[in-house]
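Subject: Structure handover and notes

Dear colleague,

Below I am passing on the structure that we discussed, and after it you will find my notes on what turned up in it. Please read the notes with the model open beside them.

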Amino acid sequence: LKPYLELPCAVLDWGGDTGKNTPFKNQNLTLDIYDISDKDVIEGAKRVTKKYAYEQNYDLIVCSNVFEHVSYPSDLLDEIIPCMSENTVLYIEVPFEDIMMKEDKKRYLHKKHWHEHINFYSEKSLELLLENFDLKIIELKKLKANDVANNNFLFQVACKLKQ
């Protein structure tokens with residue numbers, strides 16, 4: 001994200017819980033958190049309402065590990081886009097689940113442990129979702145995130161409104 005931003009910047013973390021995982025949390029002008037939880041946010045952050053967020057100007061909007069939990073990702077984008085200006089970078093991060101790596105048309109049969117994720121993404125599905133909202137992808141990466149038990153993969157997408 002750093003090549004696309006001028007730091008310090010104004011950040012809105014949409015679905016950011018406490019803000020503990022927000023990028024640039026120590027290099028911001030503003031760190032606003034819009035989230036449905038009532039948890040206390042980290043020092044320097046401020047919990048905001050959607051109405052408040054719509055009245056601000058953000059350089060970066062982070063929506064990390066949220067899209068896989070919502071029933072209608074298009075509705076979520078409908079809510080986020082009014083917070084964007086032509087210079088805002090929207091960063092979306094979603095898991096790249098094992099079942100999405102398979103070419104099998106019945107890939108769902110390979111899912112062993114179902115959990116709270118209700119949407120699963122491929123690179124193409126992310127591209128189409130963003131294209132439907134006139135969002136231009138400025139970078140899309142797959143990240144291998146190792147933890148003790150698994151090799152997990154994530155999609156990381158930075159995008160802007162099309163001019």
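In which helix is the place of Pro73? Pro73 sits in helix α2, where helices (DSSP runs of H or I, at least four residues) and strands (runs of E, at least two) are numbered from the N terminus.

Before going further, please keep in mind that this is a predicted model, in which local features need pLDDT of at least 70 and side-chain atom pairs count only at pLDDT 80 or more, whereas totals for chains, interfaces and linings use all residues. Residues are numbered from 1 along each chain as its sequence is written, and side-chain values use heavy atoms, with hydrogens and water left out.

To return to Pro73, its relative accessibility is 15%, so it counts as buried; buried means under 20% relative accessible area, exposed over 50%, and partly exposed in between, with a 1.4 Å probe and protein chains only.

Overall architecture

The chain has four helices and seven strands, and from the N terminus on their order is β-β-β-α-β-α-β-α-α-β-β. Of the 163 residues in the chain, buried ones make up 41%. Among contacts (heavy atoms within 4.5 Å) between residues at least 6 apart in sequence, 55% join residues at least 24 apart. The chain exposes about 9800 Å², of which carbon and sulfur atoms supply 48%; these areas come from the Shrake-Rupley method with a 1.4 Å probe, and for residues only the protein chains shown count as cover.

Nonpolar cores

A nonpolar core is here a set of buried Ala, Val, Leu, Ile, Met, Phe, Trp, Tyr and Cys residues joined through side-chain atoms within 4.5 Å. The largest one holds 29 residues, and the members that touch the most others are Leu12, Trp14, Ile61, Phe67, Leu90 and Leu135. Two or more residues each are given to this core by β1 (9–14), β4 (60–64), α2 (73–80), β5 (89–95), α4 (123–131) and β7 (151–161), and the largest share, four residues, comes from β7. As for Leu135, once neighbours within four places in sequence are left aside, its contacts are Leu77, Ile81, Met84, Leu90, Leu130, Cys159, Lys160, Leu161 and Lys162.

Strand β2 and its partners

Strand β2 (residues 28–34) has five of its seven residues buried, so it is largely enclosed by the rest of the structure. Strands are taken to pair if DSSP finds at least two bridges between them. By that criterion β1 and β2, which run parallel, are joined by six bridges, with Ala10 standing opposite Thr30 in β2. Strand β2 also runs parallel to β3 (residues 46–47), to which two bridges join it, and there Asp32 has Lys46 in β3 as its bridge partner.

A search of the whole structure finds one aromatic pair, where rings of Phe, Tyr and Trp (its six-membered ring) pair if their centres lie within 6.5 Å, and planes under 30 degrees apart count as stacked, over 60 as edge-to-face and the rest as tilted. The pair is formed by Trp14 and Tyr34 and is tilted, at 4.6 Å centre to centre and 55 degrees between the planes. Because Trp14 lies in strand β1 and Tyr34 in strand β2, the pair ties together parts that are 20 residues apart in sequence. Both Trp14 and Tyr34 are buried.

Two loop residues

Thr88 lies in the loop between α2 and β5, and at 0% relative accessibility Thr88 counts as buried. Its side chain reaches the backbone oxygen of Tyr58 at 2.7 Å, while a polar atom of that side chain lies 2.9 Å from the backbone nitrogen of Ser85.

Lys39, in the loop between β2 and β3, counts as partly exposed at 47% relative accessibility. A polar contact of 3.3 Å joins the side chains of Lys39 and Asp17; such a contact is a pair of N or O atoms within 3.5 Å, of which, within protein, one must be able to donate a hydrogen and the other to accept it, and residues adjacent in sequence count only if both atoms are side-chain atoms. Lys39 and Asp17 are 22 residues apart in sequence and 7.0 Å apart in space, C-alpha to C-alpha.

With best regards
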